[in-house]
Amino acid sequence: MSADLWNSAASVLDTNWVEDHMVPSRRLYPHQWSWDAAFIALGLAYVNPTRAWRDLRSLFEAQWPDGRVPHIVFDPLTAEEDYFPGPGFWDVPAYGGRPARGSTGLVQPPLHAVAAWEVYRRAASHGAACAHEAGQQLKWLYPRLVAQQEYLTRRRDAGGDGLASIVHPWESGLDNSPSWDAAMARVPGDLGLLERFRRRDLEVADAAHRPTDLDYARYLGLVLGYRDGGYADAELAQRHAFVVECPSFNAIVAAAELALVHIAAAVGADPMAHRRRARRITEAISRNLYDDSTATFRSRDVRTGVLSPARCVNGLVPLLLPDLPRDQVEAIMAEAASPRFGLPRTTGLPVPSYDRTAPDFDTLRYWRGPIWINVNWLLRRGMLVHGYHDEAEDLRTAMVRLVHRSGHFEYFHPDTGAGIGAPTFSWTAALSLDLLADRSVPAYARAA
């Protein structure tokens, strides 16, 4: 099984490489996506580390002067009509020597520091030449990774409580998760936008698997509002319709700081500033996004101060953080093992994206129920951080078996394990390689 899965995963990554970057899927997602690049680098490190570095560099070459890393970098060789919303819709002005309409103005979870450290760590174990090249790549990336973190922790702290806010569900990476339903219900949904702008995802994917038209109309309206405001972040809570603090997004922001502790030490910078910031973010997540009454982490609407009522997989991701209070760690593990999600020991499958017992649990529709390998990879990493080695191994085995049986799909049916979405999806392939190759405990679990 391992050899077959390894070879098929490597083939997917070879198929989806375009010039100087990886696309998630050639047909459905023909550009470069931000957090996809981080997950993809983790797998490329084993089969083509040169491409792993090139993919990360290609993404950060599109970084904005304010530090934001765009959630999509557009391939200029891909026609406007081949993807929507494309460059013309976003209408990003020229910046930093880059031509206009080269990227979006949104961000995604900043997993890139974690990915960069892991690629470096693996390269450093393959001899002096590889270590030297990796060190040079890390030196180039380090100030850019720091600028990304400073953008998120300063400009995006819309609530003033030490947490980064997302201004669109797409920024979370969990696009149509029920975690956003309450906040999105207050966003105007102008279905007339779908007459002006034609959805192209439904031409290459089943509508039953994708966000609804009302969701999409709200997504477009949020982009237009942010775009027409010059993609500015001042006074977001007062003027933007969707401003939310996500537990998984902020856990990844803190995990990035913990990775930067090691990167800083490797490049001769001060690591302690990153360690202190990671602790502050962890404390803010623990203080502001934990619901004591249900012992769960939830997203928070900055405009109302209200926690989402939905129990979603993003509430499990703070397990990544080694400084999380022990009672909250145990609460996450209890939630993951409960009938609402279910660990492989009882289900035989990785964790779904939403509460199985919820009346609106949907086995097909994107982040409203299906299984995603990337968030399960994050959850497994968190288990290793806190010493849940048996549970982590069960989850690793379940992910490997699922992908081997069903293929490198974008996501999977939470009951049958059947593949859904894009059939040759890059991060599923990349993370399969990592799951086959690496069972070590994350370095920052042992950081001082």
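Predicted model: local features only at pLDDT ≥ 70, side-chain atom pairs only at ≥ 80, totals over all residues.
Q: Start with helix 1 and helix 2. At what angle do they pack?
A: About 110°, with the axes of helix 1 (residues 2–15) and helix 2 (residues 34–47) 11 Å apart. Helices (H or I, at least four residues) and strands (E, at least two) are DSSP runs, numbered from the N terminus. Axes are lines fitted to C-alpha atoms, for helices over the stretch in contact, and angles run from 0 to 180 degrees between N-to-C directions.

Q: How are helix 1 and helix 2 oriented to each other, then?
A: Helix 1 and helix 2 are therefore roughly perpendicular. The classes are: under 35 degrees roughly parallel, over 145 roughly antiparallel, 65 to 115 roughly perpendicular, and the rest oblique.

Q: Which residues make the contact?
A: Trp 6, Ala 10 and Leu 13 come from helix 1, and Ile 40, Gly 43, Leu 44, Tyr 46 and Val 47 from helix 2. Contact means heavy atoms within 4.5 Å. By class, seven residues of the contact are nonpolar, one is polar and none is charged. Here Ala, Val, Leu, Ile, Met, Phe, Trp, Tyr, Cys and Pro count as nonpolar, Asp, Glu, Lys and Arg as charged, and the others, Gly among them, as polar.

Q: And helix 2 with helix 16, how do they cross?
A: At roughly 65°, and their axes come within 12 Å. The crossing of helix 2 and helix 16 is left-handed, a term for the near helix being turned anticlockwise from the far one by less than a right angle (right-handed if clockwise).

Q: Which residues meet there?
A: Trp 35, Phe 39 and Leu 42 of helix 2 meet Asn 374, Trp 377 and Leu 378 of helix 16. That contact has five nonpolar residues, one polar and no charged.

Q: What about helix 12 and helix 13, parallel or antiparallel?
A: The axes of helix 12 (residues 247–267) and helix 13 (residues 272–288) come within 8 Å and cross at roughly 165°. That makes helix 12 roughly antiparallel to helix 13. Their crossing is left-handed. The contact includes Ala 251, Ala 254, Leu 258 and Val 261 of helix 12, and Ala 278, Ile 281 and Ile 285 of helix 13. Its residues divide into 11 nonpolar, three polar and three charged.

Q: Switching to spaces. How much space lies in the largest pocket?
A: About 440 Å³. On a 1 Å grid over the protein atoms alone, a pocket is an open set of points with protein on both sides within 12 Å along at least five of seven lines, a cavity is a set where a 1.4 Å probe fits but cannot get out, and lining residues have an atom within 4 Å of a point. Grid points are joined across faces, edges and corners, and a volume is the space filled by probe spheres set on the points.

Q: Which residues are closest to the centre of the largest pocket?
A: Of the 32 residues that line it, the closest are Tyr 29, Trp 33, Tyr 83, Arg 210 and Tyr 366. Helix 2 and helix 10 (213–228) each supply at least two residues of that lining. The lining has 19 nonpolar, three polar and 10 charged residues.

Q: How many cavities of 30 Å³ or more?
A: Two. The largest cavity holds about 110 Å³ of space, and of its 14 lining residues the closest to the centre are Arg 380, Arg 381, Asp 438, Ser 440 and Pro 442. Helix 16 gives the largest share of that lining, four residues. The lining divides into five nonpolar, one polar and eight charged.

Q: And the second largest cavity, what gives the most to its lining?
A: Helix 14, with three residues. About 60 Å³ of space lies in the second largest cavity.

Q: Last topic, the backbone. Where is the cis peptide bond?
A: Between Phe 84 and Pro 85, with omega about -5°. Pro 85 lies in the loop between strand 4 (72–73) and helix 4 (87–90).

Q: Which residue other than glycine has a positive phi?
A: Glu 235, with phi near 55°. Glu 235 lies in the loop between helix 10 and helix 11 (236–239). Most residues other than glycine have a negative phi, and most peptide bonds are trans.

Definitions and conventions. Residues numbered from 1 in each chain as written. Heavy atoms only, no water.
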